[in-house]
Amino acid sequence: MFKTMLIAGCGGFVGTCCRYLVIRLCADHVVTRFPLATFLVNIIGCFLVGLIYGLIEKTDLLPASATVPLVIGFCGGFTTFSSFANEIWNIGSRGDLLLSIFYMTVSIVVGLLLVWCGRAVVVK
């Protein structure tokens, strides 16, 4: 169990570092009220989760044990539901209710769509 936790933790470290890079790139190059960085990491993470599970279920390219470092570790460190929820709250509390609802809705819909796409790109 301890070894598995370390493997997940290493994946989480890499995912967190990648999330930081996306946040920095967005902050340095994009000016918007829309929380683009969190949106990007969450939808990319959704696609990766779908792709990883698709590869596990439909091919022999990844073993089921790959979920620990890749899904629990990397995707868990890369994506961030707590930031997503906090940004929805912050946008709504500053009076921009329509943007808050839009961000929440598009994140969930696009996230589900990309989980499906990730699974769909893997052919058996």
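At 5% relative accessibility, S100 counts as buried, where buried means under 20% relative accessible area, exposed over 50% and partly exposed in between (1.4 Å probe, protein chains only). S100 has its place in helix α5, one of five helices in a protein with zero strands. Helices (H or I, at least four residues) and strands (E, at least two) are DSSP runs, numbered from the N terminus.

Here is some background before the tour. This is a predicted model, in which local features need pLDDT of at least 70, side-chain atom pairs count only at pLDDT 80 or more, and totals for chains, interfaces and linings use all residues. Residues are numbered from 1 along each chain as its sequence is written, and side-chain values use heavy atoms, with hydrogens and water left out.

**Overall picture**

- Read along the sequence, the pattern is α-α-α-α-α.
- The C-alpha trace spans about 50 × 30 × 25 Å along its principal axes.
- Of the 124 residues of the protein, 35% count as buried.
- Among contacts (heavy atoms within 4.5 Å) with a separation of 6 or more, 72% come from residues 24 or more positions apart.

**Confidence**

- The average pLDDT, the predictor's confidence in each residue from 0 to 100, is 94 for the protein, and 99% of the residues score at least 70.
- Among the elements, α1 has the highest mean pLDDT (97), while helix α4 (residues 81-93) has the lowest (92).

**How α1 meets α3**

- Two packed helices are described by the angle between their axes and the distance between the axes.
- Helix α1 (residues 2-29) packs against helix α3 (residues 67-78) at an angle of about 35°, and their axes are 6 Å apart.
- Those axes are lines fitted to C-alpha atoms, for helices over the stretch in contact, and angles run from 0 to 180 degrees between N-to-C directions.
- The crossing of α1 past α3 is right-handed; a crossing is left-handed if the near helix is turned anticlockwise from the far one by less than a right angle, and right-handed if clockwise.
- On the α1 side, the residues in this contact include T4, I7, G11, G15 and V22, and on the α3 side they include V68, P69, I72 and F78.
- By class, the contact of α1 with α3 has 10 nonpolar, seven polar and one charged residues.
- For those classes, Ala, Val, Leu, Ile, Met, Phe, Trp, Tyr, Cys and Pro count as nonpolar, Asp, Glu, Lys and Arg as charged, and the others, Gly among them, as polar.

- The 23 residues of α2 should span 33 Å at 1.5 Å a residue, which agrees with the 32 Å between its end C-alpha atoms.
- The expected span of a helix is 1.5 Å times one less than its number of residues.
- Buried residues of α2 include A37, F39, I43, I52 and L55, and what covers the buried residues of α2 includes α1, α3, α4 and α5 (97-120).
- In α3, the buried residues include T67, V71, F74 and C75, with α1 and α2 (36-58) among what covers them.
- V49 is found in helix α2 and counts as partly exposed at 22% relative accessibility.
- Leaving out residues up to four places away in sequence, V49 touches V71 and C75.
- V49 and G118 are 69 residues apart along the chain, yet their C-alpha atoms are separated by 7.1 Å.

- Not counting residues up to four places away in sequence, S100 touches I88, I91 and G92.
- G92 has its place in helix α4 and counts as partly exposed at 27% relative accessibility.
- D96 lies in the loop between α4 and α5 and is buried, with a relative accessible area of 16%.
- Beyond its neighbours within four places in sequence, D96 is in contact with R33 and I91.
- V106 lies in helix α5 and, leaving aside neighbours within four places in sequence, is in contact with F34, F39 and G111.
- V106 and F39 are 67 residues apart in sequence and 9.0 Å apart in space, C-alpha to C-alpha.
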